[in-house]
Amino acid sequence: MFDTLSDRLQEALGDVRSRGKLTEDDVNKAMRQVRLALLEADVNFKVVKEFTAAVRARALGAEVLESLNPGQQVVKIVSDELTQLMGGSGRDLVFARGGPTVILMAGLQGSGKTTACGKLARHLREEKSLDVAVAACDLQRPAAVDQLVKVGSQAGAAVYEQGTSRSPVDVAEWALGQAKADRRDVLIIDTAGRLHVDEALMSELSEVKKRTKPHNVLLVVDAMTGQDAVNVAEAFAGATAFDGAVLSKLDGDARGGAALSVKALTGKPILYASTGEKLDAFERFHPDRMAQRILGMGDVMTLIEKAESKMDERQAAELERKIKKNQFTLDDFLDQLKQVRSMGPLQGLLKMIPGVGQQLGGLQVDDRELDRLQAIITSMTPEERANPKIIDGSRRRRIARGSGTSVQAVSQLVKQFAQMQKMMRQLAKGQMPDLQGLAGGR
Ligand SMILES: Nc1nc2c(ncn2[C@@H]2O[C@H](COP(=O)(O)OP(=O)(O)O)[C@@H](O)[C@H]2O)c(=O)[nH]1
Ligand SMILES: [Mg+2]
């Protein structure tokens, strides 16, 4: 997500970041690079101009240049302004007091509406424990109904559909009645897109809106379409009001800058980011966290939330107890590995840790590495897992054969685990762990 932009901005600020003193020239030079980085990332030029002017004005303020760490202050200003650019502090959906909260999904054909219906349904069920139904009101293609039935049921949502025999407006109205009768918390309405913003699409949408009075109209914009994404958002903002945007396909997007312009040019916040074809590749869009991620400052909050949602409190307390008592075994490590796997691709997770994104550079972190670790541990006997010290040469050979890996790989794991235990002992004693040692074990 935003990889190129992130790299280029960090490059642009790298020099400034480490300086003890800054002159006006230094700031100007950095701003020129920031400007190029944003333009190259396809951020709208008007937006870029305003952005760099705002950063420059604040950075040249006397209190920044004369401060003890001017470079870091400039980075902080860029981060603040980037946050503002993407919408300030995050905004949530509007929820109805009684009766179902109605969410209408709009957007061009292929932008990712139907996928987003399923993802949002899953998200609201899992994060907010809401009872969600989706309504199939894209009747342009018969397959569209089947597609929603599929993703809706994968998401664990009720699906209201009446095939393609009635009009979209009638189906929407009927679905709202069903949602009320079934006492659903949320009704998400999937609508038809068109190849371009046209009159027929807009009038169908406004008719559905009139009959169902949605609390939230979300516009799904395809981040891969670059400047077009912004044009579409502007056209929609002109023709039919929407309340917030869902950015889709951020995973496939190398540049992503156009997406950053959506808020600035339409005034509508980005509420969610969709980052893959799978249902769980979906997250709330927090401008502040995203700005920090782009600038390589990590996104610890999202990481913690992801971990929390996968681990219940009891498990967390048990883990903490084991670490404190130094009883953390390879079995526990295996459980942790499995949990990490369930949180999504490793590469994405690592980037949320401050400083790690930069260190990874172009390095691809391979999820298969985790599969290998998992295979090695599962090839050990229970005694070996509880007490890896007993793993001698012949046991290593047996484990390597059993897991389809090498003796070196087994040795490395045993060594890394010993270092990890040491680090945990330090942590439990309230000391800063020696991370260098851990990295060096690889
Ligand atoms: N890589 C990726 N593909 C996506 C994402 N969202 C949707 N898609 C794909 O984009 C295509 C169009 O999505 P769909 O939901 O049918 O769009 P709709 O026509 O607006 O309903 C499908 O092949 C989806 O699998 C995403 O966030 N990332
Ligand atoms: Mg669709």
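**Charged pairs and their surroundings**

Modeller: Let's start with Arg-398, which counts as partly exposed because its relative accessibility is 31% (buried means under 20% relative accessible area, exposed over 50%, and partly exposed in between, with a 1.4 Å probe and protein chains only). This is a predicted model, in which local features need pLDDT of at least 70 and side-chain atom pairs count only at pLDDT 80 or more, while totals for chains, interfaces and linings use all residues. Residues are numbered from 1 along each chain as its sequence is written, chains are lettered from A and ligands numbered from 1 in the order in which they are written, and side-chain values use heavy atoms, leaving out hydrogens and water.

Side chains of opposite charge can pair when their charged atoms come close. Arg-398 forms a salt bridge with Glu-384, with the closest N and O atoms 2.9 Å apart (a side-chain nitrogen of Lys or Arg within 4 Å of a carboxyl oxygen of Asp or Glu). Glu-384 belongs to helix H19 and Arg-398 to helix H20, so this pair ties together parts that are 14 residues apart in sequence (helices, H or I, of at least four residues and strands, E, of at least two are DSSP runs, numbered from the N terminus). Elsewhere, salt bridges with shared partners join Asp-170, Glu-173, Glu-207, Lys-210 and Arg-211 into one network.

Back at Glu-384, the relative accessibility is 0%, so this residue counts as buried. Glu-384 also meets the side chain of Arg-395 in a salt bridge, at 2.8 Å from N to O. Arg-395 lies in helix H20 (residues 393-403) and Glu-384 in helix H19 (residues 382-386), so the two tie together parts eleven residues apart in sequence. Arg-395 is partly exposed because its relative accessible area is 28%.

How many salt bridges does a search of the whole structure find? It finds 18. One joins Lys-128 and Asp-92, whose closest N and O atoms are 3.2 Å apart. This pair links distant parts of the chain, 36 residues apart: Lys-128 is in helix H6, and Asp-92 is in the loop between helix H5 (70-85) and strand E1 (101-106). Both residues are partly exposed, Lys-128 at 35% and Asp-92 at 27%.

Helix H6 (residues 113-128) also leads us to ligand 1, because four residues, the largest share of the shell around this ligand, come from that helix. In total, 16 residues surround ligand 1, and the closest are Gly-110, Lys-113, Thr-114, Thr-115 and Asp-251 (near means that a heavy atom lies within 4 Å). The shell divides into one nonpolar, ten polar and five charged residues (Ala, Val, Leu, Ile, Met, Phe, Trp, Tyr, Cys and Pro count as nonpolar, Asp, Glu, Lys and Arg as charged, and the others, Gly among them, as polar). In the side chain of Asp-251, an N or O atom is 2.8 Å from a nitrogen atom of ligand 1. Ser-274 has a polar side-chain atom 2.9 Å from an oxygen atom of the ligand. Taken alone, ligand 1 exposes 580 Å², and the protein buries 79% of that (accessible areas come from the Shrake-Rupley method with a 1.4 Å probe; for residues, only the protein chains shown count as cover).

Conventions. Polar contact = N/O pair within 3.5 Å; in protein donor to acceptor, adjacent residues only side chain to side chain.
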